[in-house]
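Please look over the sequence and the structure first.

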Amino acid sequence: MFDRGLTLTWHAVRRQLAAMPHELYLVRLIHAVTKRPFPGERLWTAAQLMNPATLRFLRVRNREGCDVYIQPYAADRNAGYILIDLDHAGPKVLTHMRANGHEPCAVLQTSPGHLQAWVQVSATALQPASATAIGRQLAGAYGGDPSSADWRHLGRLAGFTNQKPQRRTPGGIAPWVKVVYSHAGLARRADSLLQAAAEQTAPPSRGSLPGVRCDGVAAMHGSDPVTVPAEQASQIYQAWMRRWHIARRFPHPDWSIVDLWVARALLAQGAPPAQVQAILRSGSPQFPRGHGDSDDYLRRTMTRAGLTFSAPGRAVCCAHAEALAPAAAPARDCSNSTGGR
C-alpha cells in the first residue's frame, strides 16, 4: 500500500543527506516535552538511514513526541560541517552568506520563521576547538544563536515534525521540518574561516614549537621534541593540505601519500624527524587508521621521506602526484588510474 507520508519523508531526508554527504550520521531522538533522550544513539549510513524500515521507526518515535536530530559523525572531531541556528536572523541572511562566500550546503525551515543552516568548511575532520571557533564566527556574523555554535551541536532532520510545544500552530499542529535549499559543496571562502580559526586557537607563543607559525608553513628549527599538541599538529597538517588544495581537488585522498608528502615538506624545511613523526601521529586524519603497527608505519614513512624529500619520488597515480605537488599543478585526465530549533 502506498504511504504518502513515508514517501515525502524519504524525499526530504534524501535531499538533506545529498547536500551533506558523509560516511556516517549520528541520529538522536529527544522527547520535546520531557527533554529525555530516547535510549541509545544510532550511527547510520545514508543508505541505512533512508531504508523504509528505519524511516518508519523514526516516524513512530516522532509521532510519540520525539524530535529527530542529526549530525555527520566523526567521533571526537567535527566532520567539517558547521551548524548555524538562524532563529533571530534577518530575512536577507542567506543572501549575505552567499555574497560573503559562506554559502550553506543545506538550509532547513524548522518551523515558520525559523531556519537552520549547515555550512561545509572542510572535506576532512576538524579539531573541536577549530570547529567551535568557526561556528561562533559565523553565528556572530549572521545573527545565529551562539549557544548552538559548539562543534558537536546537532541539527534537525528534514521530513519530520517539530514537536516543541511552542512551535505548534494556533490549531495545535506540529510544523514539518522542510528543506529550503540544498547544494553540496564547500563554502567558497572556507579557507579564510579555517585560517581565522587556526589563528584564534593557536597556543601561546611561549609554549609553541620552535620556529613554527600557526599556519604551519614556515621552517621548523630548534630542539627535537617527541610530542606535539594535537591541535597544533592538526593545524600544521591542514595548512599543507590547503596549500596543495587537496580537499578541493580530491575528496577521498590516500592518506598514506599525504603523510609522505607532509613529512617530506617538513623535513625539507629543517624539522627534526622526531618532531615530524609526532605531527603525523597527532595531525593525520583518523590516524592510525588501518595501520596495525603505527610506530612501524611512521618509521617507514620517515625513511621514504628522508630518502626522497629533495626530489619527488614515484607517484602511486597521477592524481596523487598532482594533488601533492607544490602549488596547484594543471589537472590531467586520470580517469584510468587505480588507487534545533
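In this predicted model, helix α5 and helix α6 have axes that come within 9 Å and cross at roughly 115 degrees. Their crossing is right-handed. On the α5 side, the contact is made by A129, S130, A133, I134, Q137 and L138. On the α6 side, L193, L194, A196, A197, Q200 and T201 take part. Sorted by class, the contact of α5 with α6 has eight nonpolar and four polar residues, with no charged residues.

Next comes the sheet. Four strands form an open sheet in the order β5-β7-β6-β9, and the pairing is antiparallel. Strands β5 and β9 are the edges, and each pairs on one side only. From one strand to the next, the twist averages 20 degrees. Strands of a sheet pair through backbone hydrogen bonds. Between β6 and β9, the antiparallel pairing runs over four bridges. In this part of the sheet, A106 stands opposite S182 of β9.

Two helices meet these strands. Helix α1 packs on the sheet and touches β5, β6, β7 and β9. The direction of α1 makes about 35 degrees with that of β9. Helix α5 lies across β5 and β7, and runs at about 35 degrees to β5.

| α1 | residues 4-19 |

Technical notes. Residues numbered from 1 in each chain as written. Predicted model: local features only at pLDDT ≥ 70, side-chain atom pairs only at ≥ 80, totals over all residues. Heavy atoms only, no water. Pairing = 2+ DSSP bridges. Axes fitted to C-alpha atoms, helices over the stretch in contact; angles between N-to-C directions. Contact = heavy atoms within 4.5 Å. Left-handed = near helix turned anticlockwise from the far one by under 90°. Nonpolar A, V, L, I, M, F, W, Y, C, P; charged D, E, K, R; others polar.
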